[in-house]
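Colleague: I am new to this structure. Could you walk me through it?

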Amino acid sequence: MPWRPRSKMEKIQTTLDSNLQSVDKAEELALREAEKLGFDEDEQHQIGMAVRECTVNAVVHGNRYNKNKKIHLEIERADSSLTVIIGDEGEGFDFNALPDPLSPENLLRQSGRGLLLARAFMDDFDLHARPGGGTEVRLVKNLPQS
Amino acid sequence: MSVKLTSRQVGDVTVIDASGRITLGEGASAFRDAIRDLAAKGHKKLLLNLADVSYIDSSGIGEMVSGFTTVTNNGGQLKLLGLSKRVKDLLQITKLYTVFEVYDDEAEAIRSFR
């Protein structure tokens with residue numbers, strides 16, 4: 001296994017506007033912290049894509065590009081894991097009502113795969129109502145055991 | 001860098017060479033417009049070359065599926081060429097490898113249309 005640098009816990013908290021530039025910004029911040037923690041290129045790609053997909057959902061489906069609503073981003077870098085929390089100020093939704101993108105009848109749907117990819121690429125994935133309104137997703141990626 | 005798309009004819013097959021990023025916004029829109037435009041002009045054998053595509057998100061995948069549906073509904077075929085390991089992984093996770101015909105070799109892909 002390659003040597004991976006260890007670092008003390010560090011947390012970034014920021015709010016972003018509800019637009020596609022914020023998607024790039026969230027991905028960029030997460031990738032920077034993932035690199036610092038020592039994730040390899042493929043792992044960084046997975047983290048970046050998971051953060052991108054969840055931030056797109058927050059901007060497009062949660063806040064619906066509303067200029068008066070913000071995206072709440074937290075990135076926590078611990079010794080052996082990276083945690084990213086993405087929250088929106090939308091109206092929330094019934095998580096159980098989401099169509100299964102892997103069902104044969106849904107395979108040719110144009111959308112609905114973002115959360116599937118985020119879940120596949122991260123070690124922990126939790127989608128829940130955000131305190132105070134909206135939706136929040138918590139993503140965790142652990143460094144492989146050396 | 002957003003996506004760049006060019007097309008060329010190899011016999012009766014239209015090869016679309018894509019490069020850059022196919023993500024929500026400009027990249028995915030350009031991708032959708034290019035495929036719909038070719039389908040509207042009567043191109044029925046489309047080979048999408050993704051060898052130089054560095055990144056595709058779920059919106060980009062959605063546009064690929066939409067393009068597949070558009071072309072198929074017009075009586076045509078849309079096949080994929082030159083997928084990176086990361087894009088192949090996306091097709092595995094989303095089970096779209098059961099939908100698309102995927103080739104690594106262009107000549108073989110061209111022959112498959114005949």
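**Where the chains meet, and more**

Modeller: The contact takes 17 residues from chain A and 15 residues from chain B, two residues being in contact if their C-beta atoms, placed from the backbone, lie within 7 Å. This is a predicted model, where local features need pLDDT of at least 70 and side-chain atom pairs count only at pLDDT 80 or more, while totals for chains, interfaces and linings use all residues. Residues are numbered from 1 along each chain as its sequence is written, and chains are lettered from A and ligands numbered from 1 in the order in which they are written.

Colleague: Which element gives the most to the side of chain A that touches chain B?

Modeller: Helices here are DSSP runs (H or I, at least four residues), and strands are runs of E with at least two, numbered from the N terminus. The elements giving two or more residues to that side are H2 and helix H3 (114-121) of chain A. With five residues, the one that gives the most is H2(A).

Colleague: Which residues beyond its sequence neighbours is A:Lys70 in contact with?

Modeller: A:Lys70 lies in strand S2 (residues 70-77) of chain A. A:Lys70 has 19 other C-beta atoms within 10 Å, so it is partly exposed. Leaving aside neighbours within four places in sequence, its contacts are A:Thr15, A:Leu16, A:Asp17, A:Ser18 and A:Glu89.

Methods: A residue is buried if 20 or more other C-beta atoms lie within 10 Å of its own, exposed if 12 or fewer, and partly exposed in between; C-beta atoms are placed from the backbone.
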